[in-house]
Amino acid sequence: MLAERRCRVARRIARSLLAATVLTAVSTFTPAHAAEPILQTEESDVVTLPPGGPHRVLVEDGVYRHSKDGRVYVVDLDTGRLLGMVQAAYNANMVADPAGKAFYVAETTWERGNRGKRHDMLAAYDPRTLEMVADIDLPGRALITPKKPDMAIGADGHYVYVYDSSPTNAVHVYDTALKSVVRTVDVPGCGLVYPWGNTGFSSICGDGSLANVQMDAKGKPTLTRTPPFFVPDRDPVFEHSPEVGANGHVWFISYSGLIYETTLGTQSSVAKPWSIQEAAGLKAASDARAPFEVTWRPGGWQLAALRARDSHLFVLMHKGTFWTHKEAGSELWELDLKTHRLVRRIPLAAHSMMVGVTQDAQSRIMLTDEAGDLVVLDGADGKPVRKIGALGDALIFTAAPGE
């Protein structure tokens with residue numbers, strides 16, 4: 001009995017020693033817990049861009065799939081970099097100060113997203129910090145598909161003009177020094193804004209004429225009208241016809257491809273039109289009286305751009321019938337406005353609804369495609385320079401320094 005008791009005690013002692021050994025081994029090889037990281041306090045700052053050159057441009061994205069979320073991009077064409085972005089809510093428009101002091105975005109929102117009180121606004125942004133430097137309420141603005149001449153700026157940057165059509169056709173005049181709307185000018189039967197000089201603008205009227213508004217030193221407007229120079233239901237002109245606001249020159253392009261060189265002023269004058277197709281050695285295109293004739297025609301959204309230093313006009317062209325003025329261009333035609341001659345035809349790798357051009361000696365041409373890419377060509381020979389892939393959703397406008 002004593003021997004059995006001694007055996008049982010020995011077995012218990014052995015089991016205890018084994019358990020202790022196992023626990024010691026586990027504790028020895030269990031890794032130590034890592035120290036909790038010390039979270040750094042997040043600090044925000046404002047990056048200031050260096051002074052921009054001739055190839056720092058603004059590009060408006062209508063974002064048509066969800067157009068309340070429009071944007072304006074700041075893009076460097078030399079590096080292909082997106083430098084910044086500001087909001088440009090529903091059907092926005094933008095203009096840049098001629099001296100580069102600011103750029104302006106007119107936009108519309110509703111208090112409850114898709115309903116509630118409507119707010120029409122004009123925001124001014126610092127071009128280097130992209131900080132908002134002015135934010136005012138507008139009496140209204142024309143809420144239609146974005147058109148570049150829905151908004152314009154005078155040659156010295158003092159007045160910004162915003163077109164409105166409710167309750168009647170009118171232009172709101174915003175004073176950039178006072179940061180307020182100082183006057184609303186009625187332009188009955190007319191629309192859009194083409195500025196000339198520091199204190200004047202013209203609008204296109206429903207009968208094919210122009211309404212010209214000159215404001216005196218106190219801002220009082222005087223309105224004059226020109227005779228009609230085109231027949232709207234036979235051969236309308238494109239709203240996005242290019243201009244030089246400083247001297248009031250506009251080259252109105254008709255749907256058939258006629259170019260009306262116009263000098264705006266209190267007594268605007270329109271020169272005899274000439275044909276884009278004839279400049280290329282082709283037969284002039286038909287108007288609405290022969291709507292099914294297929295030929296090369298202008299079309300697109302921002303369908304033309306002017307390089308003022310050498311008077312060269314770039315126009316998106318496609319083959320189609322008369323009412324195909326919204327078709328994207330398959331070619332870009334470069335025209336000399338002084339000689340009325342075609343300089344070159346540039347076949348496009350992808351059809352484009354938009355063309356823009358910088359104004360410097362090493363100019364760049366900007367195009368887009370259905371993917372929202374920004375395609376950059378050399379302004380001298382039309383050859384590709386780079387493609388900024390998927391910049392936006394629906395690129396519709398550009399604004400380059402010195403336009």
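The structure is a predicted model. It holds one disulfide and 14 aromatic pairs. The largest nonpolar core has 28 residues, and a second, separate core has 21 residues.

**Nonpolar cores**

- Within the largest nonpolar core, which has 28 residues, the members that touch the most other members are Y161, V171, V193, Y194, F201, I204 and F252.
- The elements that contribute two or more residues to this core are strand 9 (159-164), strand 10 (170-175), strand 12, strand 13, strand 14 (210-215) and strand 17.
- Among these elements, strand 12 gives the most to the core, with five residues.
- The second core, which is separate and has 21 residues, includes V244, W251, A304 and L313.

**The disulfide**

- A disulfide is a covalent bond between the sulfur atoms of two cysteines.
- In this model the disulfide is formed by C190 and C205, whose sulfur atoms are 2.0 Å apart, and the link is right-handed, with 90 degrees about the S-S bond.
- The pair links distant parts of the chain, since C190 is in strand 12 (residues 190-196) and C205 is in strand 13 (residues 200-205), 15 residues apart.
- C190 has a relative accessible area of 3% and is therefore buried, and C205, at 4% relative accessibility, also counts as buried, the cut-off for a buried residue being under 20%.

**Aromatic pairs and a charge over a ring**

- Of the 14 aromatic pairs in the structure, one is formed by F229 and F252, which are tilted, with 5.7 Å centre to centre and 40 degrees between the planes.
- F229 lies in the loop between strand 15 (221-225) and strand 16 (243-244), whereas F252 lies in strand 17 (residues 249-253), so this pair ties together parts that are 23 residues apart in sequence.
- Both F229 and F252 are buried, and they belong to one aromatic cluster together with Y194, F230 and Y260.
- Elsewhere, R345 lies over the face of W296, at 4.9 Å from the ring centre.

**Backbone geometry**

- The peptide bond that runs from S166 to P167 is cis, with omega near 5 degrees, and P167 is placed in the loop between strand 9 and strand 10.
- V63, although not a glycine, has a positive phi of about 45 degrees; this residue lies in the loop between strand 1 (56-61) and strand 2 (71-76) and is buried, with a relative accessible area of 1%.
- N91 is likewise a residue other than glycine with a positive phi, in this case near 50 degrees; N91 sits in strand 4 (residues 90-96) and is buried, its relative accessible area being 10%.

**Two residues and their surroundings**

- S352 is found in strand 25 (residues 341-352), and with a relative accessible area of 0% this serine is buried.
- Leaving aside residues up to four places away in sequence, S352 touches L316, A328, G329, L367 and T368.
- For T368 there is also a polar approach to S352, as the backbone nitrogen of T368 lies 3.1 Å from a polar atom of the S352 side chain.
- W110 lies in strand 5 (residues 103-110) and, again leaving aside residues up to four places away in sequence, touches K68, Y90, R115, G116, K117, R118 and L143.
- Between W110 and L130, which are 20 residues apart in sequence, the C-alpha to C-alpha distance in space is 24 Å.

Definitions and conventions. Residues are numbered from 1 along each chain as its sequence is written. This is a predicted model: local features need pLDDT of at least 70, side-chain atom pairs count only at pLDDT 80 or more; totals for chains, interfaces and linings use all residues. Side-chain values use heavy atoms; hydrogens and water are left out. Helices (H or I, at least four residues) and strands (E, at least two) are DSSP runs, numbered from the N terminus. Buried means under 20% relative accessible area, exposed over 50%, partly exposed in between (1.4 Å probe, protein chains only). A polar contact is a pair of N or O atoms within 3.5 Å; within protein, one must be able to donate a hydrogen and the other to accept it, and residues adjacent in sequence count only if both atoms are side-chain atoms. Contact means heavy atoms within 4.5 Å. Rings of Phe, Tyr and Trp (its six-membered ring) pair if their centres lie within 6.5 Å; planes under 30 degrees apart count as stacked, over 60 as edge-to-face and the rest as tilted. A charge sits over a ring if NZ of Lys or CZ of Arg is within 6 Å of the ring centre and within 35 degrees of the ring normal. A disulfide is a pair of cysteine sulfur atoms within 2.5 Å. A nonpolar core is a set of buried Ala, Val, Leu, Ile, Met, Phe, Trp, Tyr and Cys residues joined through side-chain atoms within 4.5 Å.
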